Amino acid sequence: MIVFDKVGKVYPNGVRGLDNVSLSINQGEFVAIIGLSGAGKSTLIRAINKMHGITEGNLTVDGIDVKNLKGKKLRQFRRKIGMVFQSFNLVTRTTVIQNVLAAFVPDLSFGRVLFGIFPKKDRLLALEALEKVGILDKAYTRVDQLSGGQQQRVALARNLAQNPSIILADEPVAALDPVTARQVMDDFKKINKELGISILINIHHVELALEYASRIIGIREGRIIYDGPSEKVNQTILDTIYRKDTSKEVV
Ligand code: ADP
């Protein structure tokens, strides 16, 4: 369970990213975070694995106080939280399986990584992860020969290989065409349903958010202005989330 308790974030340059955010997310939820560019979606997502530290309030993940994590404890904690980005973050000049195996790098000695020597159990886990996202047949293909959608699946498989309980996705389909975007969203849905992994996705395609997520968090100027089921999101709520003026009423 992820719990934000009056969380605020002010960046070192004085810009406020989050303002008094309180919410909790249960294990296994599929949540989409929507809002204008600059609303704070990314700041919210990245607070969870402490890519961006918070400056006010408290944040816990499965009872662990994220604010005070550092060093080895932080690295261990992050292993349970996958992260997928718009830009895939893959090494494109090597094979799919090498990219997935990179998930195990923190546990391996430098020499083993240097020579690409991975234990059999890790190779099996990597192949299993590729099977879960439907690209097992691409295991020994170079990443730069894959389509954007296939590359995002490799990124997803790299996350799955670590057996995460949460996957944070920061605009994972923004660089993809509409058909491929849906295929990747289908993968998120599948791993959410079949593996019970919580999915938190920052997405600017409202239609996709409403279709795939069961819960929507609408954010504006760092504040939550809607938090509820996708089915209850109506045009008035969307207008408030995406309104171009600056007044701050709550839906
Ligand atoms: P979104 O993901 O909704 O586009 P962000 O969370 O990236 O929004 O940004 C929220 C606010 O915080 C914006 O005003 C943005 O300019 C600011 N911000 C984001 N990252 C940084 C940073 N590293 N340093 C300073 N300000 C930042």
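Trainee: What makes residues of α6 and α7 count as meeting?
Mentor: Contact means heavy atoms within 4.5 Å. Gly-149, Gln-152, Arg-153, Leu-156 and Leu-160 in α6 meet Thr-180, Gln-183, Val-184, Asp-187, Phe-188, Ile-191 and Leu-195 in α7. These residues divide into six nonpolar, four polar and two charged; Gly counts as polar, and Asp, Glu, Lys and Arg count as charged. The model is predicted, with pLDDT of at least 70 needed for local features and 80 or more for side-chain atom pairs, while totals for chains, interfaces and linings use all residues. Numbering starts from 1 along each chain, and side-chain values use heavy atoms, without hydrogens and water.

Trainee: Why is α6 called roughly parallel to α7?
Mentor: The axes of α6 (residues 148–160) and α7 cross at roughly 20° and come within 9 Å. Angles under 35 degrees count as roughly parallel, so α6 is roughly parallel to α7.

Trainee: Which hand does the crossing of α6 and α7 have?
Mentor: It is right-handed: the near helix is turned clockwise from the far one by less than a right angle.

Trainee: What makes a space a cavity?
Mentor: On a 1 Å grid over the protein atoms alone, a 1.4 Å probe fits at its points but cannot get out.

Trainee: How do you know which residues line the second largest cavity?
Mentor: Lining residues have an atom within 4 Å of a point. They are Lys-132, Lys-190, Ile-191, Glu-194 and Leu-195. Helix α7 (residues 178–195) gives the largest share, four residues.

Key. 1 Å grid on protein atoms, 1.4 Å probe; cavity = no way out; pocket = protein on both sides within 12 Å on 5 of 7 lines; lining within 4 Å. Helix = DSSP H or I, 4+ residues; strand = E, 2+ residues; numbered from the N terminus. Axes fitted to C-alpha atoms, helices over the stretch in contact; angles between N-to-C directions. Parallel < 35°, antiparallel > 145°, perpendicular 65-115°, else oblique.
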